[in-house]
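Open the model in a viewer and keep the sequence panel beside it. The stops below say what to select next and what is there.

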Amino acid sequence: MQDSPIHLLLVEDNPLHSKLIQRLLAADTQLDCDVEAVDNLADGLTRLVKGGLDLVLLDLVLPDSEELETLFRVRLVAPQVPVVVLTSLDDVKLAARAVESGAYDYLVKTHLKGVALGRAIRYTLSRARARGGEWDSPMFRLAQQQFLKAAQYMGLDDNIRQRLLFPQRTQMVSFPFFRDDRAQVETVFGYRVQHVLTMGPTKGGIRYHEDVDLGEVAALAMWMTWKCALMKLPFGGAKGGVRVDPTTLSDRELQRLTRRYTTEIIDIIGPEKDIPAPDMGTDERVMAWLMDTYSQQVGHTVPTVVTGKPVVLGGSLGRKEATGRGLVYLIEASAAHLGIELAGATAVIQGFGNVGSHTAIFLAALGVRIVGVSDASTGLYCRDGLSVEALLAYVAEHRVLAGYPDAEAISNAELLELPCDVLVLAALQSQVTVENAARLNCRLLAEGANGPTTLEADDILADHDVFVLPDILGNAGGVTVSYFEWVQGMQNLMWSHEEINRRQQAILLDAFERTLGRAEENHLDMRTAALIEGVTRVTEAKLLRGVFP
């Protein structure tokens, strides 16, 4: 039992239900609850304003409020207080909407038992505490809410649901590295998160960015789990990162940083443990340094400790362009489903890094007219179409798109609202939100970035008949070819470029057809359908392996 009581507010208008709930709480030996009960929302909101509450048990249908409006009003007054919905409304769609809107759990009173109520309260309080500090990330909240929405539709076993909400293994380190003048030692934070160890070795990239935190890395690891499961790859999800701006580092500083970071996480990575890869701010050169550092420590060369490394060091043909190529394979499949003829269609691409630029190359090869592109420096628009070759040449010389002469400069916000057939999101997270989703003017939204669309925006896009190719499907080409690289390294063989492309396309299209079939059969959006495909596979594996001891 906890040292101090849980200060709990029960908002319930049925006096019989209120007494029953309080009786169940009093009988739970693992809980010590100080319960305040009110029978209408107005009194509940007044009590919330006073503060000092740990949790709210909330009925959705009250004399002065109904359904999700009740939850919205509570969240508006006290956004930091966790809410467990306790209602008579046994509606899976309403439950999914509730958890995506911020409820920590959704319990139906007609099925209520003391064990379930007590466990929901304990898990909710644990999650609320963990979300503080480093865990408190918009990306992690989004990843958890997406998972909880899928879990509600699945009727996922509560033990599995709670197990998958947080990573299985997390390492956070701080470490120093010398700047070039040798007079300054800079200390940075690094992370490596392994979400699920059940499926085999874990797999995921390493990013260098000034906004990296534990919550962001945990979200990316969770998405990687679903992505690998959706592709039927024998990996669990992982992710790593260092909170640093790599553009401010010299090549020597970048190498020292990478080698020191590698030594900090060396005990939890390895070809049969956890296999890193490039991500934002890192590339094949960084992977070569990581591989060399690991190999020096173990005393022999281990190419399979990373993927995305140079071909001469055991990298795979096709890995660099794999995410962009895979996204275009899936855009082709989505366009065929929607009846869009890509030859002569128009596309806008947000982000012109590795994923965005290769997506532009492959779309242009299919006859798509690229009317808009952007990077961190600017957006560009040309109604008659942009020359991808000219853009690549300009970026190779100037590093950014700013100043490109043969297009109109626009903002990234304006770029997203350009009329087009295909809008590709290949930049950062949370680009399409409730504020701008209704103004998007595309038929197909293809996500090459991780988490670029919020759940609220998903609903708006669905209302506007925008077909969303979700991130865990759309950008899975990278990890798929990383898997090929790992297999080639483990077996000491080399596949041709054509063989890699053929295998990648087959795996991606199989996942697309399974996701589309589930979405149509169960009347779901593509994101939820893809998540259910992935979560179902992980759940099956966890149940088969059991719990030790």
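Which residue of β12 does T346 stand opposite? Select T346 and look across: the residue is R369. This is a predicted model, in which local features need pLDDT of at least 70 and side-chain atom pairs count only at pLDDT 80 or more, while totals for chains, interfaces and linings use all residues. Residues are numbered from 1 along each chain as its sequence is written, and side-chain values use heavy atoms, with hydrogens and water left out.

**Whole chain**

Colour by burial next. Buried residues make up 57% of the 549, where buried means under 20% relative accessible area, exposed over 50% and partly exposed in between (1.4 Å probe, protein chains only). Of the contacts (heavy atoms within 4.5 Å) with a separation of 6 or more, 69% are between residues 24 or more positions apart.

Return to the strands. β11 and β12 run parallel and are joined by 5 bridges; two strands pair if DSSP finds at least two bridges between them. In β12, 5 of the 6 residues are buried, so the strand is largely enclosed by the rest of the structure.

Now select α12, residues 354–365. The end C-alpha atoms of α12 are 17 Å apart, which agrees with the 16 Å that its 12 residues should span at 1.5 Å a residue; the expected span is 1.5 Å times one less than the number of residues. Buried residues of α12 include V355, H358, F362 and L363. Among the elements that cover its buried residues are α11 (322–338), β11 (346–350), β12 (369–374) and α13 (388–398). After the helix comes G367, whose phi is positive, near 90 degrees.

I331 and W226 touch the most other members of the largest nonpolar core, which has 99 residues. Helix α8 (residues 214–230) gives the most to this core, with 13 residues. A second, separate core of 25 residues includes F175, V244, Y261 and V302. A nonpolar core is a set of buried Ala, Val, Leu, Ile, Met, Phe, Trp, Tyr and Cys residues joined through side-chain atoms within 4.5 Å.

**β3 and β4**

Move to β4 (residues 83–87), where 5 of 5 residues are buried. V83, V85 and T87 point one way from the strand, and V84 and L86 the other way. β4 pairs with β3 (residues 55–58) in the parallel sense over 3 bridges, and V56 stands opposite V83.

**Q152**

Last, select Q152 in helix α6 (residues 138–154). Is Q152 buried or exposed? Q152 counts as buried, because its relative accessibility is 16%. Beyond its neighbours within four places in sequence, Q152 is in contact with V92, A95, A96, V99 and Y106.

Notes. Helix = DSSP H or I, 4+ residues; strand = E, 2+ residues; numbered from the N terminus.
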